Amino acid sequence: MVNLLFRKALKHPLVSALQPALLISLLALSATSHARTIEGFEFPEVLPQSSDHPELQLNGASVRTLYYLVDTYVGLLYVESPSADASQLIEQESYKRIVYHILVNRVSGRRIATAMYDALQLNISSDEAEQMDERLDMLVKMFDGKLERGDAGYVDYVPGVGSRVVINDEVKGVLPGKDLYDALLKIWIGEYPVSHRFKNEILGLSDQQHANIAAD
């Protein structure tokens with residue numbers, strides 16, 4: 001019935017004259033409905049397939065707060081196959097994207113990378129850290145420079161290739177090996193994440209759902 005009334009309305013002379021603007025508004029409304037608003041920024045629920053990657057879906061998003069006071073960035077995880085299982089997400093040999101969307105007015109990219117490096121040490125063994133040491137140093141250097149509110153950096157896992165680092169749409173380089181990307185994911189959803197709330201939201205879980213899974 002609604003569709004019929006809508007079709008009839010479109011045949012009205014006045015509505016017909018306004019059809020282009022109406023269609024643009026409907027398309028804009030549709031695009032907005034498929035975005036998630038966090039801290040005043042909109043993030044797409046789906047990244048369409050491109051020449052660089054397959055279609056990716058937003059698994060979860062959360063705000064990273066440092067020193068319990070400063071909301072530093074919005075973290076987003078896009079994957080081919082969403083899951084609430086941290087181990088499954090880490091083990092998947094598929095395309096993934098970790099996004100850091102800056103919220104503070106100005107911050108050193110290296111400071112963000114150094115915080116990542118420190119958090120990473122909690123989730124990997126000393127032997128694993130040693131094997132990745134050179135690549136981790138390169139990762140920190142790739143984040144060099146100043147980042148401002150609204151800037152974004154992301155790290156893609158390209159199956160069979162490694163971690164591709166992109167800052168404000170500029171490709172900084174590619175670091176080989178899946179082990180490095182697994183370690184980066186563990187910062188957010190590993191056994192010792194940056195925070196349990198952050199982990200839950202990246203996994204798309206409420207605190208109660210997380211408690212139920214842990215109890216099983």
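Residues count from 1 along each chain as its sequence is written, and side-chain values use heavy atoms, with hydrogens and water left out. Since the model is predicted, local features need pLDDT of at least 70 and side-chain atom pairs 80 or more, while totals for chains, interfaces and linings use all residues.

Q: What makes S4 and S5 a pair of strands?
A: Two strands pair if DSSP finds at least two bridges between them. Strand S4 (residues 56–66) and strand S5 (residues 70–79) have nine, in the antiparallel sense, so they count as paired. Gln57, for one, stands opposite Val79 in S5. (Strands are DSSP runs of E, at least two residues; helices are runs of H or I, at least four; both are numbered from the N terminus.)

Q: Why are S3 and S11 called edge strands?
A: The open sheet runs S3-S4-S5-S6-S9-S10-S11, with antiparallel pairing. Strands S3 (46–47) and S11 (170–176) each pair on one side only.

Q: Why is H5 called roughly antiparallel to H6?
A: Their axes cross at roughly 150° and come within 8 Å. Angles over 145 degrees count as roughly antiparallel, under 35 as roughly parallel, 65 to 115 as roughly perpendicular and the rest as oblique, so H5 gets the antiparallel label against H6. Axes are lines fitted to C-alpha atoms, for helices over the stretch in contact, with angles from 0 to 180 degrees between N-to-C directions.

Q: Which H5 residues meet H6?
A: Arg110, Ala113, Thr114, Met116, Tyr117 and Leu120 do, contact being heavy atoms within 4.5 Å.
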